[in-house]
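Subject: Structure handover and findings

Hello,

I am passing this structure on to you, with notes on what turned up in it. Please look through the notes with the coordinates open.

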Amino acid sequence: METMATALRRYFDESGFGEDGGYASDWVDFKLGPLPFPLPNTEARKRAVRFHDLHHVLTGYRTDLTGEFEISAWEIGAGCGDFHAAWVLNLSA
């Protein structure tokens, strides 16, 4: 059985996010189809995206446009708690 740490590293590799998933980057590109939308990688986003990435691993939703819409709906349904960045990003999807 694969550990969560191993599955997360595989997810980063398959998604092209780099070894640390881009957590240390100052900016990240959110792609809407072929169009990149640069976003500042704020501390609030970093806090939320760590869980978001684990949710991708657990659900198997991809990081393409459809998969991001699916994971957004899943996270809204599950509740985003006090992760304000997650609420904003998920509701915008």
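Conventions

This is a predicted model, in which local features need pLDDT of at least 70 and side-chain atom pairs count only at pLDDT 80 or more, while totals for chains, interfaces and linings use all residues. Residues are numbered from 1 along each chain as its sequence is written, and side-chain values use heavy atoms, with hydrogens and water left out.

Overall fold

The protein chain contains 4 helices and 2 strands, where helices (H or I, at least four residues) and strands (E, at least two) are DSSP runs numbered from the N terminus. Along the sequence they follow the pattern α-β-β-α-α-α. The radius of gyration of the protein chain is 13 Å, close to the 12 Å that the globule rule gives for 93 residues, so the chain is as compact as a globular protein of that length. That radius is taken over C-alpha atoms, and the globule rule is 2.2 Å times the number of residues to the power 0.38. The C-alpha trace spans about 35 × 30 × 25 Å along its principal axes.

Of the 93 residues, 28% count as buried; buried means under 20% relative accessible area, exposed over 50%, and partly exposed in between (1.4 Å probe, protein chains only). The protein chain exposes about 6,200 Å², and carbon and sulfur atoms supply 61% of that area. Accessible areas come from the Shrake-Rupley method with a 1.4 Å probe, and for residues only the protein chains shown count as cover. Among contacts (heavy atoms within 4.5 Å) with a separation of 6 or more, 35% are between residues 24 or more positions apart.

Hairpin and nonpolar patch

Strand 1 and strand 2 run antiparallel and are joined by 6 bridges; two strands pair if DSSP finds at least two bridges between them. The hairpin has 2 residues between the strands, and Gly33 takes a positive phi near 65 degrees there. Leu32 stands opposite Leu35 in strand 2.

Both of these leucines belong to a nonpolar patch on the surface, formed by Phe30, Leu32, Leu35, Phe37, Leu65 and Phe69, with about 520 Å² of accessible area together. Patches are made of residues with over 30% relative accessible area and no salt bridge; like charges are joined within 9 Å, and nonpolar side chains (Val, Leu, Ile, Met, Phe, Trp, Tyr) within 5 Å. Strand 1 (27–32), strand 2 (35–40) and helix 3 (65–78) each supply at least two residues of the patch. Leu65 lies in helix 3 and, at 37% relative accessibility, counts as partly exposed.

Salt bridges

The count comes to 5 salt bridges, each being a side-chain nitrogen of Lys or Arg within 4 Å of a carboxyl oxygen of Asp or Glu.

- Glu14 and Arg10 meet at 3.6 Å, N to O. Both lie in helix 1 (residues 4–15), 4 residues apart, about one turn of the helix. Glu14 is exposed at 57% relative accessible area, and Arg10 is partly exposed at 37%. Glu2, Arg10 and Glu14 are linked in a network of salt bridges.
- Glu43 and Lys46 meet at 3.4 Å, N to O. They are 3 residues apart in helix 2, so about one helical turn separates them. Glu43 is exposed at 61% relative accessibility.
- Arg62 pairs with Asp64, the closest N and O atoms being 3.4 Å apart. Arg62 counts as exposed at 57% relative accessibility, whereas Asp64 is partly exposed at 31%.

Lys46 lies in helix 2 (residues 43–59) and counts as buried because its relative accessibility is 14%. Leaving out residues up to four places away in sequence, Lys46 touches Tyr23, Ser25 and Asn41.

His52 is also placed in helix 2 and is buried, with a relative accessible area of 15%. With the neighbours up to four places away again not counted, His52 touches Glu68, Ile71 and Glu75. The C-alpha atoms of His52 and Glu75 are separated by 8.1 Å, although the two are 23 residues apart along the chain.

Regards
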